[in-house]
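Morning, everyone. Please have the sequence and the model open while I talk. I'll go from the whole chain down to single residues.

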Amino acid sequence: KHVVTLQPYLKSSSTSEDQSILYYVLIIYRNVLPLLKRPNPNFLAEVEQTLMGLLTKSPQKILQEVLPCLCVIVDKLTHNYARLTKLLRSCTEKLKLEQKQLEAGKELSSARNVMVLLLIVGLLCKNFDFDKKRVEKPNEMKELDNIDKGPIVAITFQLVLYFCKKDLSETVQKMALQSLGFIYLSYPIIMLRPESTDLMDRILNTGVMDMKIQLMKVFLDFLVSEQQKINTDLEDKKKKKNDTVDLKVLIGNADEFAEAGVSSSLMQRYLDRILECTFDHTQSLKIVALDVLGNIIQQGLAHPVLCIPTIVAMETSPEQNIRDKSFKLHQHLNEKHASLIHSRNVDCVKKAYAFQKQLIGGNPIVGYAIRSHEGRPEALLNPMYSLLKDKRKSRNDFLVSTVKTFDFDLKKCDESKVDVGFCKFVAENLATIDYKSIEEVLHVIYLINRVLSVVAISVLHSVQNNIQETFVDNVRVYIETKIPEAFVNQTISQTNESFCNGIGTLEASPIVDPSSPMVIEDETQQNDSMEVQFRDDKSVQNDIFNEKNEKENILPLSYAAKVSVCMAILMYLKEHLKKSFALSEAKCQNFNPAQSGTHKDKPALRHQNAPLVISWDGLPFVDKPLVLENDIRDQCEMKLMAEDGTRDSDDL
């Protein structure tokens with residue numbers, strides 16, 4: 001009775017309210033009519049006829065509910081298969097005519113009509129299995145032979161695939177891709193065909209945004225459908241728990257096995273591209289790609305280690321909904337694969353930095369965000385740390401690996417490995433992270449001291465030697481280039497004249513008795529000077545050898561300058577933590593992470609008057625690249641001043 005009452009609402013509508021009513025009535029009919037025990041045949045025939053009339057008059061949203069409703073009524077109630085067969089034949093013939101027209105070099109007669117035809121063909125293949133019904137009821141499905149005597153899905157797939165050609169308009173291509181998505185839902189194995197993978201590769205490589213978004217929607221619909229199948233199978237198994245074992249179930253179905261591996265193969269093939277789409281500037285593509293990634297993780301279709309860096313990066317997004325989705329996925333992985341994902345802490349931090357770099361563009365990157373009404377800064381990596389800090393080992397591993405990013409390999413002198421912006425990003429995160437106990441803060445300072453004691457001292461020594469060598473070279477160059485050659489020749493000639501005059505003076509002087517005390521004293525001094533000269537020769541050789549080793553260990557000035565900026569960032573971080581948590585230098589020096597003291601039970605409370613974030617006012621090159629030679633020298637001189645203690649500690 002109630003179903004019949006809704007029949008007048010099955011009519012084409014122009015207003016949005018009427019379309020909403022029609023949309024929900026179609027959903028009700030699709031789900032309720034198959035459950036009726038003895039429905040009126042006349043009523044069903046009228047509904048069929050009304051639905052056929054809606055095919056050419058309805059927008060896409062309504063059409064996507066009209067076809068499923070019509071297929072359910074025919075398949076479950078009226079068994080009027082000829083109606084669906086004729087509809088499919090009519091659509092395919094019209095599409096073939098359009099195909100011939102395109103092959104002849106002409107344009108489409110009507111792009112809108114082609115899009116409607118593509119949508120109808122895809123929905124028919126999704127909601128009604130023509131090939132299966134042909135095997136079950138060959139007499140009723142003889143009309144299919146007029147379309148093709150082979151598999152219907154193969155014919156429709158090739159026909160729809162043709163309209164995904166890049167020569168056509170994007171709207172037609174997009175509708176053809178959506179229609180292919182409907183076919184994939186019923187025949188997943190087709191997704192792994194070379195024609196399908198080539199199309200997906202082209203879409204992901206061309207950069208056409210609408211096509212990328214539509215492909216991500218195809219992936220999402222497919223994964224959701226697969227999850228629904230899994231849930232249905234689990235429910236059926238629960239119901240049949242006490243039933244006798246079916247031998248066919250134990251043997252299995254080859255087709256089902258083949259389809260079961262499609263989602264895993266496909267997602268592993270395109271995982272990198274999906275992860276790239278989550279970083280895209282287009283909001284709609286980013287959201288749908290993140291939903292696809294969420295389904296991949298929930299269904300276990302890819303290794304968690306490959307996904308976790310992108311998830312952590314998404315947790316730093318300025319958009320609340322993306323942060324919430326990402327954190328939910330992070331919690332899921334932390335519950336099931338904690339040991340795996342925690343092994344990629346540094347990769348996660350680097351991915352988060354890359355994401356922020358892409359968001360901000362050329363502006364300075366900061367490691368915190370102010371999101372609360374109180375105006376307190378929140379570390380961008382705080383969601384990640386909140387899942388780590390409850391377990392001491394995981395927390396310490398994160399802190400060690402994060403601070404270790406400042407421990408540069410000075411032997412390689414690879415400037416590409418030194419990113420001042422990344423070091424600043426890490427330092428600001430460590431400065432604003434929500435620590436649980438004071439032990440964590442002391443551990444960070446302990447790790448900072450270890451890095452400074454090795455890297456900073458080596459850089460300081462190199463800068464000192466480099467500046468001295470540069471000064472000597474500059475003096476030598478100045479002498480060679482600035483002093484006139486005539487002046488040098490004149491000086492040499494004057495020296496020669498003095499030498500000759502000296503010889504003449506010696507010849508004119510009186511002869512001294514060799515036995516005189518003066519002569520004996522001169523001989524003794526000469527012997528002593530020879531011994532001293534011999535010892536000096538050895539020391540000079542040692543000095544030359546040591547000087548050679550020192551020169552080999554001197555770092556290039558530009559590399560040393562960049563590393564010195566990073567070391568200064570660490571010094572600023574250390575002073576900030578000491579002020580924020582009121583820690584003395586003696587307390588920091590006495591801390592030993594190997595000994596479990598009372599620090600782990602003491603909560604980490606920030607001092608009320610302490611600065612909220614690190615101020616980089618005294619470090620000009622933290623956000624400014626070291627481009628000019630004067631910049632490099634200024635930074636090296638600042639480094640020397642800081643290490644020699646000539647800078648006041650309050651300036652740090």
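Predicted model: local features only at pLDDT ≥ 70, side-chain atom pairs only at ≥ 80, totals over all residues.

Now the setting. The protein has 29 helices and two strands. It runs to 652 residues, and 42% of them count as buried. What about contacts along the chain? Take the contacts with a separation of 6 or more: 75% of them join residues 24 or more positions apart.

Back to the salt bridges.

Pair one is Asp-434 with Lys-389. Their closest N and O atoms are 3.6 Å apart. Where do the two residues sit? Asp-434 is in the loop between helix 23 and helix 24, and Lys-389 is in the loop between helix 21 and helix 22, so this pair ties together parts that are 45 residues apart in sequence. Are they buried or exposed? Asp-434 has a relative accessible area of 42%, so we call Asp-434 partly exposed. Lys-389 comes in at 15%, and that counts as buried. The cut-off for buried is under 20%.

Pair two is Arg-392 with Glu-439. Here the closest N and O atoms are 2.5 Å apart. Arg-392 belongs to helix 22 and Glu-439 to helix 24, so the pair ties together parts that are 47 residues apart in sequence. Look at accessibility again. Arg-392, at 35%, counts as partly exposed. Glu-439, at 6%, counts as buried.

Pair three is Lys-578 with Glu-575. The closest N and O atoms are 3.7 Å apart. Which helix holds them? Both lie in helix 27, which covers residues 557–580. They are three residues apart, about one turn of the helix.

I've picked the second largest pocket, with a volume of about 450 Å³. How many residues line it? The number is 18, and the closest to the centre are Lys-350, Thr-405, Phe-408, Lys-417 and Val-418.

Which helices supply the lining? Helix 20, residues 345–360, and helix 23, residues 420–432, each give at least two residues. Helix 20 gives the most, with three residues. What kinds of residue are in the lining? Seven are nonpolar, three are polar and eight are charged.

Find each one on your screen as I go.

First, Thr-316. Find it in the loop between helix 17, residues 304–314, and helix 18, residues 320–336. Buried or exposed? At 2% relative accessibility, Thr-316 counts as buried. What does its side chain reach? A polar atom of the Thr-316 side chain lies 2.5 Å from the backbone oxygen of Ala-313. Set aside residues up to four places away in sequence, and Thr-316 touches Ala-352, Phe-355, Gln-356, Arg-371 and Leu-380.

Then Lys-325. This one is in helix 18. At 32% relative accessibility, Lys-325 counts as partly exposed. Leave out the neighbours within four places in sequence, and Lys-325 is in contact with Ile-287, Leu-290 and Asp-291. Here is a distance to check: the C-alpha atoms of Lys-325 and Ile-311 are separated by 9.0 Å. Those two residues are 14 residues apart along the chain.

Last, Lys-174. Look in helix 9, residues 170–186. Lys-174 is partly exposed, with a relative accessible area of 32%. Which residues does Lys-174 touch, not counting those up to four places away in sequence? They are Asp-210, Met-211 and Gln-214. Now go back along the chain to Cys-164, 10 residues apart from Lys-174. The C-alpha atoms of these two are separated by 7.5 Å.

To recap the pairs: Asp-434 with Lys-389 joins two loops. Arg-392 with Glu-439 joins helix 22 and helix 24. Lys-578 and Glu-575 both lie in helix 27. Thanks, everyone.

Note on methods. Residues numbered from 1 in each chain as written. Heavy atoms only, no water. 1 Å grid on protein atoms, 1.4 Å probe; cavity = no way out; pocket = protein on both sides within 12 Å on 5 of 7 lines; lining within 4 Å. Points joined across faces, edges and corners; volume = space filled by probe spheres on them. Helix = DSSP H or I, 4+ residues; strand = E, 2+ residues; numbered from the N terminus. Nonpolar A, V, L, I, M, F, W, Y, C, P; charged D, E, K, R; others polar. Salt bridge = Lys/Arg side-chain N within 4 Å of Asp/Glu carboxyl O. Buried < 20%, exposed > 50% of the residue type's maximum accessible area, 1.4 Å probe, protein only. Polar contact = N/O pair within 3.5 Å; in protein donor to acceptor, adjacent residues only side chain to side chain. Contact = heavy atoms within 4.5 Å.
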